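Thank you all for making time this morning.

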Amino acid sequence: MKVHTKTISISSTGNLDAHDITNQAANLIQISSCTNGTITLFTPSSTSGITTIEFEDGCLKDIKRLFDELADSDKYYAHNERWHDGNGHAHVCAALLGPSITIPFLDKHMTLGIWQQIVFIDFDNKPRQREIIAQIVGD
């Protein structure tokens with residue numbers, strides 16, 4: 001069993017900025033020495049998350065609307081009292097989405113569905129430079 005750990009860099013504008021990272025993940029698998037295994041993508045951030053969706057405008061608008069309804073940035077968040085950074089809603093959204101995803105791959109190809117892309121979403125209220133940890137395990 002081999003383990004390869006790499007990073008994917010993202011320049012994010014925040015405020016539900018979504019990035020399709022499918023190709024970056026696929027490229028990391030291609031350059032690894034693993035043919036079959038899993039890739040785990042993890043964001044070491046408490047205000048961003050990773051999922052799979054169809055990466056198209058309508059779906060992205062629906063996701064944004066959903067998170068805006070669930071965690072409206074204008075609502076009261078106790079977190080904002082502590083740090084006064086106004087991103088309490090971003091922490092709630094990130095907790096709902098989750099920080100990681102694991103995808104199996106066979107013959108160096110991820111087993112994603114035809115309409116599935118890997119999407120990183122930054123919920124924070126300001127631009128950030130993000131690093132996503134990619135860990136490939138396999139043989």
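When I say that two residues touch, or are in contact, I mean that heavy atoms of theirs lie within 4.5 Å. Please also keep in mind throughout that what you see is a predicted model.

Let me begin with serine 12, which lies in strand β1. With a relative accessibility of 4%, serine 12 counts as buried, because the cut-off for that word is under 20% relative accessible area. Setting aside residues up to four places away in sequence, serine 12 touches Asp17, His19, Asp122, Pro127 and Arg128. With one of these, aspartate 17, there is a polar contact of 3.4 Å between the two side chains, and the side chain of serine 12 also reaches the backbone nitrogen of glycine 14, at 3.0 Å.

That brings us to glycine 14 itself, which sits in the loop between β1 and β2 and is buried as well, at 4% relative accessibility. Once neighbours within four places in sequence are left aside, glycine 14 is in contact with Asp122, Asp124, Lys126 and Pro127. For a sense of distance, glycine 14 and glutamate 54 are 40 residues apart in sequence, and their C-alpha atoms are 20 Å apart in space. Leucine 16 is buried, with a relative accessible area of 17%.

Let me turn now to the sheet. In general, the strands of a sheet pair through backbone hydrogen bonds, in either a parallel or an antiparallel way. Here we have an open sheet of 5 strands, in the order β1-β8-β3-β5-β6, and the pairing is antiparallel. The edges are formed by β1, residues 2–12, and β6, residues 109–110, each of which has a single partner strand, so that one side of each is left without a neighbour in the sheet.

If you look at β3, residues 37–42, you will find 6 bridges that join it to β5, residues 100–106, with the two strands running antiparallel. In this pairing, glycine 37 stands opposite phenylalanine 105, while threonine 38 stands opposite proline 104. β3 also pairs with β8, residues 128–138, over 6 bridges and in the antiparallel sense, and there the bridge partner of glycine 37 is glycine 138.

From the sheet I would like to move to the helices. Helix α2 covers residues 57–70, which makes 14 residues, and reaches 20 Å from its first C-alpha to its last, close to the 20 Å expected at 1.5 Å a residue. At the start of α2, a side-chain oxygen of glutamate 56 comes to within 2.8 Å of the backbone nitrogen of glycine 58.

Which residues of α2 are buried? They are Cys59, Ile63 and Phe67, and, seen down the axis of α2, these buried residues fall within an arc of 70°, so they line one face of the helix. The face turned away from that buried side carries the exposed residues Asp57, Lys61 and Glu69. As for what covers the buried residues of α2, the list includes β4 (48–53), α4 (88–97) and β7 (117–122).

Helix α4, in turn, has Gly88, His89, Ala90, Cys93 and Ala94 as its buried residues, and what covers them includes β4, α2 and α3 (78–83). After α4 comes glycine 98, whose phi is positive, near 100°. In the loop between α3 and α4 we find histidine 84, which also has a positive phi, of about 55°, although it is not a glycine. Is histidine 84 buried or exposed? It counts as exposed, at 63% relative accessibility.

With a disulfide taken as a pair of cysteine sulfur atoms within 2.5 Å, the count comes to 0 disulfides. Cysteine 59 is in no disulfide, and the nearest cysteine sulfur, that of cysteine 93, is 16 Å away. Cysteine 93 counts as buried, at 2% relative accessibility.

Conventions. Residues numbered from 1 in each chain as written. Predicted model: local features only at pLDDT ≥ 70, side-chain atom pairs only at ≥ 80, totals over all residues. Heavy atoms only, no water. Helix = DSSP H or I, 4+ residues; strand = E, 2+ residues; numbered from the N terminus. Expected span 1.5 Å × (residues − 1). Buried < 20%, exposed > 50% of the residue type's maximum accessible area, 1.4 Å probe, protein only. Arc of directions from axis to C-beta. Polar contact = N/O pair within 3.5 Å; in protein donor to acceptor, adjacent residues only side chain to side chain. Pairing = 2+ DSSP bridges.
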